[in-house]
Amino acid sequence: MKHSRINCKPIVILIILLFLFKLSIFAQTERDSLNKIDEKFWISPYDSHQSKDLITSSVSQIGGAKVENIPGANRMNSIAGLLTGFVNIQDNGSPGWENNSMYIRGLRTLDASNQPLILINGFYRPNAEYINPYDIESITVLKDAASTASFGLRGGNGVILITTKKGRRQPLKISVNTSFGYLQPTRLPDVVNSYDYATLYNEALINDGGVARYDQTALDAYKNGDDLFHYPNNNWLKKFYKKDTFYQTYNLNLRGGSDQVLYYVSAGLTKNSGSLNVDDTVNTYNTNLDHQAIDFRGNMDIKVTPLMNLSIDVSSKISQWNLPGTLNDQEIMARLVRTPPNAFPIFNEDGSLGGTAQYTENPYGMINYSGYSINKTRNLYSTLYLDHKLDFILKNLTVYGSVSFDNYYDQTITRNKGYFVYEGSIDTPQGTGKPDIQQNSNSFGTEYRSFDIRTGLKYSENINEAHNVAANLFLNQNTESGNGRRMPHVYKGLIGSAHYAFKNRYLLDYSFAYQGSEQIGGTGYQQFMFFPAVSLGWILTGENFLSKNSVLSFMKLRGSYGITGLDDGINYYQKSTIFRNIGKAYLTGEGLTSVNTYRRIQVGIENINAERFYKSNIGLDTRFFSDKLYFNVDVFHESGKDLIINSLEIPAMFGARGDLKTNIGETSNKGFEIETGFNSSVGDFKYSLFATYSFSRSKIIDMQEGEVMYPFNSRTGHPINAQFGLQADGLFYDDNEIAASPVQQYGSYQPGDIKYKDLNNDNKIDIDDRTKIGFGSIPEYVYGMGANMYYKGFDFSLFFQGVGNVDKKMSGLLYWEFSPNGTGTAFEHHKNRWVYDPEQNMDTRLTATYPRLTTGGENNNNRNPNSDYWLKDASYLRLKNIEIGYSLSDKVAKSIFIENIRFFVSANNILTFDGIKIIDPELTSSGMRYPIQKSLNFGINLQF
């Protein structure tokens, strides 16, 4: 059984950094203005921004400049480790997508999504993370109840708030940003050659009780490589997957304004050349796996009258992906990986396309002869905001309203066809391809529309320079709908907040949401729920006993408690009891006439409510030595109540099929976060160091698990996604060990197969021996550390990011031999298998790291039971980003009519330290995804 572990490596590095800070704190030098503490934090889309020192909730924020020049479409992949409390797992490197999973302070719900809500300028937008990086003003992570309760039914998992740039009171400034570079996979699977494949396959067949397929003549031919038509040796990945791809980005934005009008306009273009080795002489159309996108954003703030302000914000993005045939990136990777290297030559001697009756998917044909498909996504986001001061009623009282309309859809156009392959020559066609028939289709997938309207009052006042008061109260209705097949989903309610500060020393904040939707409640039940939160803050350095302290420049103690909600686990028709016609399955009368029969497939739950999370947080913010050193810490605890799960309390004789969901689950989640940094200078040399560390661990209190035979079988009491299964006890050495061991009830087995522990001592291995075998696939802790340096126009930045307490089950095509079911290939790690062959002088019974080889597929004793033998520690430390830049002096820049010009070179994901080695540690366990990319980038930032 794996024991709990917290890797001490990041903690040691934090201690080293703090020691370096101690050596430097006595340097009486000018503060680095480029790394200063932000004066304003966006803490809520409703309350605008607030001084960081007066915030009483738990939030983390970075400026958009930190993620501007990092390549990639998905901004969330670039901020992991920079913001405390935020966990990001990128499981796909596909251009334009780079799919990921995000979590704020870990896991808290059981059957619903644990993904946070992402907003742009206070409004939920699908695919908000794919925003143009040069449009970002700031990214803020809202973590505790005080910062998220006002999001009502959607705030339970935390909130990520992306704020975009707006106009400024300044002359027109034009910025041009361009970059280009090369992308390479961080890691590709290491496939064996044909000789090794044939040798290992022979061994697997013999292990299975069969006979070898390849004789010595064939093995020698594979080894010599003299006859590649009859004895091919193809590394399909290397032949058809480019070593690197080229990308380029361009951005132009205009920013300026006066006392009457502020404006910001931006346009961007991104292109990726595609990663497949396409034969451009075959077709006139594009079959590569490439991507391009165009985006536009514009906003304007207008002072209509001295009392009235009008804001308009519009953005749009059009993206397009090309693919060969009807395949996606996952299917392409699978076909390149699972085809054995000796299956067939790419071309036969007569020039025809190689293939066999068993292997009809020739990669050359797949890429060049199967036609193409185009996937497009288009979105339009728009917001109109108007406010008017009501000084004639009460000074600093303002009424406001906003209307937002968003539209998003994706479209897929296919022009695909088949192709024949030929076994040996053109006289032996194989497969069912029809090259003369082209299939055309045009389909629409996701269609999304959102209409949001808000109206309310806000007030702020500074009374006698001692009492700062602010309040905000508004009504909101948000309607989300689709293309007619998706029913509208409506949120509506009353949202409010209040802030009070006495002499900017004693702070009090209160927020709430009274929100409902058609998903919760029902006839006779309340359809609105109340989510309140309160937070307090005390700035100790405002007190006389610390105000003149020469070391401690700022200290604030803060705490919060409140309730947040989540309705993600409720199906649209959850409240409805549904019957389904199952045909004439019932006989009645003397003639036994069959009649239609209906079965209840869902039992409606009218009083179902959203999940509730009771969250508490205590934080301490400190700065030392005139703000050169800062150290912040948060400790939190969350209790999940009324979680929506499948209930086991209703017996099967009730006559219902399907899921019966009720508010009955319960969890807890707790952890802590640390962020620290130091900045200083020596003459013209300026530098800053920073580090973050975030830890969270969940616990299942009640999941309606039912009775278990033994306490160690129970998931209750363990983390939410902890891995459960059998504990492996090595590999069977010989038949004698098998005879002396408990009987394993997962199919036949023999020496070289996995041996499991009999935890309940009943002399058999079955489901009653399952137990917690490892951490889940979501890291329990994440950390980051980096440095920034500046010297006479030169700048340098370095950033490491890592995770720990995370395990992944290695399985599928990229880890198991000859998968699926004996038809796939083998990899280098299979050479370390268990083998005992005295005739070949081979004996790895004591050193093997992989079981005996087999062609039997996945339903065998080695793979059928989930066990910790296949679990790998997926912790890693990654050199996430390194960048070197040079800015021309103002004198030189202005001599060529440019205000600022900066050249930079950067590398991303360049080094990864982990224990998996076979695939990138962030990829899904099967690895069947477009590889995560590392990059080398060159760019220019211009401002006129």
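This is a predicted model: local features need pLDDT of at least 70, side-chain atom pairs count only at pLDDT 80 or more; totals for chains, interfaces and linings use all residues.
Which backbone nitrogen does the side chain of N92 reach? Residues are numbered from 1 along each chain as its sequence is written, and side-chain values use heavy atoms, with hydrogens and water left out.

**Figure 1. The whole protein chain.** The chain has ten helices and 45 strands; helices (H or I, at least four residues) and strands (E, at least two) are DSSP runs, numbered from the N terminus. Its radius of gyration is 31 Å, close to the 30 Å that the globule rule gives for 944 residues, so the chain is as compact as a globular protein of that length. This radius is taken over C-alpha atoms, and the rule is 2.2 Å times the number of residues to the power 0.38. Buried residues make up 53% of the 944 residues. Here buried means under 20% relative accessible area, exposed means over 50%, and partly exposed lies in between (1.4 Å probe, protein chains only).

**Figure 2. Helix α3, residues 194-207.** The 14 residues of α3 should span 20 Å at 1.5 Å a residue, and the end C-alpha atoms are 20 Å apart, which agrees. The expected span is 1.5 Å times one less than the number of residues. Eleven of the 14 residues are buried, including Y197, L200 and L205. The buried residues of α3 pack against α4 (216-224), where contact means heavy atoms within 4.5 Å. At the N-terminal end, N193 caps the helix, with a side-chain oxygen 3.2 Å from the backbone nitrogen of Y195. Just after α3, G209 takes a positive phi of about 90°.

**Figure 3. Helix α4, residues 216-224.** A218, L219, A221 and Y222 are buried in α4. Seen down the helix axis, the buried residues fall within an arc of 160°, so they line one face of α4; the arc is that of the directions from the axis to the C-beta atoms. Q216, T217, K223 and N224 are exposed on the other side. D215 caps the N-terminal end of α4, with a side-chain oxygen 3.2 Å from the backbone nitrogen of T217.

**Figure 4. N92 in its loop.** N92 lies in the loop between β4 (86-90) and β5 (100-104). The side chain of N92 reaches the backbone nitrogen of S94 at 2.6 Å. A polar contact is a pair of N or O atoms within 3.5 Å; within protein, one must be able to donate a hydrogen and the other to accept it, and residues adjacent in sequence count only if both atoms are side-chain atoms. N92 is buried, with a relative accessible area of 6%. Not counting residues up to four places away in sequence, N92 touches several residues, among them D329, L923 and Y930.

Figure 5. Most residues other than glycine have a negative phi, and most peptide bonds are trans. The peptide bond from S819 to P820 is cis, with omega near 5°. P820 is in the loop between β39 (807-809) and β40 (836-837). Phi of N805 is positive, near 55°; N805 is buried, with a relative accessible area of 0%. K917 also has a positive phi, of about 70°, but K917 counts as exposed at 52% relative accessibility.
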